[in-house]
Amino acid sequence: MVDDEEDLVWITSKQMARTRPEISFEGFLDPIEALERIKQAPPDVLISDVQMPAMNGIELLIAARRVVPTLPVIIITAFGTSEVRHEVMKRGSVEYLEKPFSFSALLEVVDRILAARTGFSGSISLPMLPDLVQIYALSASSGALRIDRGGETGAIWFDRGQVVHAEKGELLGEEAFYSLIGWQGGRFWLEKGAVPPGRTITDAWQTLLIEGCRRLDEAAAKDVPAAEPAIQDWAVISRLLRESLNGAQVLDVPLDGSSPLSEAVKAVTAQAREIPAVTGRAVLELSGTVNGMAVIWDEKSGAVVASDDISSRPSLTRFRSAIESGVRSLWP
Amino acid sequence: MSGESGSTRRAELDAICKDIAISGEGALAFAVAETESGGILGFHGEKIAPSEMSQTVKGVLALLRNPDVARVRAALLDQGGIPGSEPFQELRLVTASRGLYAKVSGDGRRLFLLVTEASVAPGWGWKEIRSAQRRLESTV
């Protein structure tokens, strides 16, 4: 955890030691010192403030991700607006907690991240631009955020947190901004204090992000066929679930009616497809007071059935977390 | 119940459903329904039509009662998994575009149903529907 508020780091450290003694928690007041430590011993989760002297949260995030590209990050900050936060969180790989936050809220996020990482460390996506733009804006920074994706380059300029200019190839201003926001992945770096070559953007950064995210939604909707996972992903998901669910039943069931289980799963999934909220492939999870069942199905390649005893809360959380991680890897 | 008091009651429950649906980011609709008839007692939806919600309620109830679910459970039990034989009272369906959370009340008379964007974390979805259930169980 990196925060220049010494009391917060100290209290979190004490509470973490008391409630999660199995977690090794290290607190830092100085982000540069924290970065050195990350290089020596990469953590499983980084919790960072945004506004800090010497290095702000976004610079630390970028520097830390250069060391550990899939490092989960929790940013503790005040938000611009809940609408922006929601739009960004939907797509980003960074979690946000608004100050002041309760320790239990922090713990919930940490637990979720650690549970998701068990067996799924490769599935955490790389940072996306909406995350970076939001953090840069919240930290009221000035400079350029430069992006390189396979030889294509672009940049977004900030002036005290406001987006003032963007360039991507021949595109300038808002169109360049919206085009860059659609890039999923790439290399990012900050040029602190860089002066924009012009001022082509006047809209508030919140407006730009919401519109950018809306365009991403529309593009995603048009890309549905392309987003269909490859068959090998389907084989991977059952392996990931089996590894993560430790002892729970995970069965690959071909939906060809060749066994009583296959026949019954086929009948259940056929009925689930009648529910308007469901089309095509889906995960169905059913639970009672002592047991739980999940069926993940695919029209072509079959179904994976997982079951678990969910009578205890940690087990329920683990079950759902594993299913969710599996689904995310299937439908990125 | 007279027609007027019935419509007042419906408006009151719709208002509670609206309060629940709009208080959560990523929530698209919330409904409370009778498990016996499938009739909707209260509903509020953004981007979800009442007719779609009505079909969804019927589909969820049919699925929870589906004997094939018991067959899957029995087949799994034969293979050493899924201990216990309690009926399922919670359901979650997630596709690439939407999440659906359903929960039957403790007395079995009511179904609570939350539709969200698919990106909503499952922990949040369950928390939201359980909190709505606590709020509505004393009312409905």
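Visitor: In which helix is A:Ser179 found?
Guide: This is a predicted model: local features need pLDDT of at least 70, side-chain atom pairs count only at pLDDT 80 or more, and totals for chains, interfaces and linings use all residues; side-chain values use heavy atoms, with hydrogens and water left out. Residues are numbered from 1 along each chain as its sequence is written, while chains are lettered from A and ligands numbered from 1 in the order in which they are written. Helices (DSSP runs of H or I, at least four residues) and strands (DSSP runs of E, at least two) are numbered from the N terminus. A:Ser179 falls within residues 173-181 of chain A, which form helix 7.

Visitor: Which residues is A:Ser179 in contact with, leaving aside its neighbours within four places in sequence?
Guide: A contact needs heavy atoms within 4.5 Å. A:Gly154 is 25 residues from A:Ser179 in sequence and 9.4 Å away, C-alpha to C-alpha. The contacts of A:Ser179 are with A:Lys168 and A:Leu171.

Visitor: What is the phi of A:Arg160?
Guide: A:Arg160 sits in the loop between strand 5 (152-159) and strand 6 (162-168) of chain A. At a relative accessible area of 63%, A:Arg160 is exposed. The residue is not a glycine, yet its phi is positive, at about 50°.

Visitor: In what order do the 3 strands of the open sheet in chain A stand?
Guide: Two strands pair if DSSP finds at least two bridges between them. Strand 1 (46-49) and strand 2 of chain A pair in the parallel sense over 4 bridges. Strand 2 (residues 73-77) and strand 3 of chain A, also parallel, share 5 bridges. The order is 1-2-3.

Visitor: Why is one side of strand 1 and of strand 3 in chain A left without a neighbour in the sheet?
Guide: The sheet is open and its pairing is parallel. Strand 1 (46-49) and strand 3 (94-98) of chain A stand at the edges, so each has a single partner strand.

Visitor: By what angle are neighbouring strands of this sheet turned against each other on average?
Guide: The sheet has 3 strands in chain A. Direction is ignored for this average, which is 25°.

Visitor: What angle does helix 6 of chain A make with strand 3 of chain A?
Guide: Helix 6 (residues 129-138) packs on the sheet and touches strand 2 and strand 3 of chain A. Axes are lines fitted to C-alpha atoms, for helices over the stretch in contact, and angles run from 0 to 180 degrees between N-to-C directions. The angle between the two directions is about 35°.

Visitor: At what angle do the axes of helix 2 and helix 3 of chain A cross?
Guide: The axes of helix 2 (residues 31-40) and helix 3 (residues 57-67) of chain A come within 10 Å. Their crossing makes helix 2 of chain A roughly parallel to helix 3 of chain A. Angles under 35 degrees count as roughly parallel, over 145 as roughly antiparallel, 65 to 115 as roughly perpendicular and the rest as oblique. The crossing angle is roughly 10°.

Visitor: How many nonpolar residues has the contact of helix 2 with helix 3 of chain A?
Guide: Helix 2 of chain A contributes A:Pro31, A:Leu35, A:Ile38 and A:Lys39, and helix 3 of chain A contributes A:Leu60, A:Ala63, A:Ala64 and A:Val67. Ala, Val, Leu, Ile, Met, Phe, Trp, Tyr, Cys and Pro count as nonpolar, Asp, Glu, Lys and Arg as charged, and the others, Gly among them, as polar. The contact has 1 charged residue and no polar ones; the nonpolar count is 7.

Visitor: Which residue of chain B is the bridge partner of A:Leu284?
Guide: Strand 10 (residues 282-287) of chain A has 6 of its 6 residues buried, so it is largely enclosed by the rest of the structure. Strand 10 of chain A runs antiparallel to strand 3 (residues 90-94) of chain B, and 5 bridges join them. In that strand of chain B, the partner of A:Leu284 is B:Leu93.

Visitor: Which residues of chain A does B:Arg71 touch?
Guide: B:Arg71 lies in helix 3 (residues 67-78) of chain B. B:Arg71 is partly exposed, at a relative accessible area of 35%. Residues up to four places away in sequence are not counted; the ones touched are A:Pro260, A:Glu263 and A:Ala264.

Visitor: Which pattern does chain B follow along the sequence?
Guide: Chain B has 4 helices and 5 strands. Of its 140 residues, 53% are buried. Read along the sequence, the pattern is α-β-β-α-α-β-β-β-α.

Note on methods. Buried means under 20% relative accessible area, exposed over 50%, partly exposed in between (1.4 Å probe, protein chains only).
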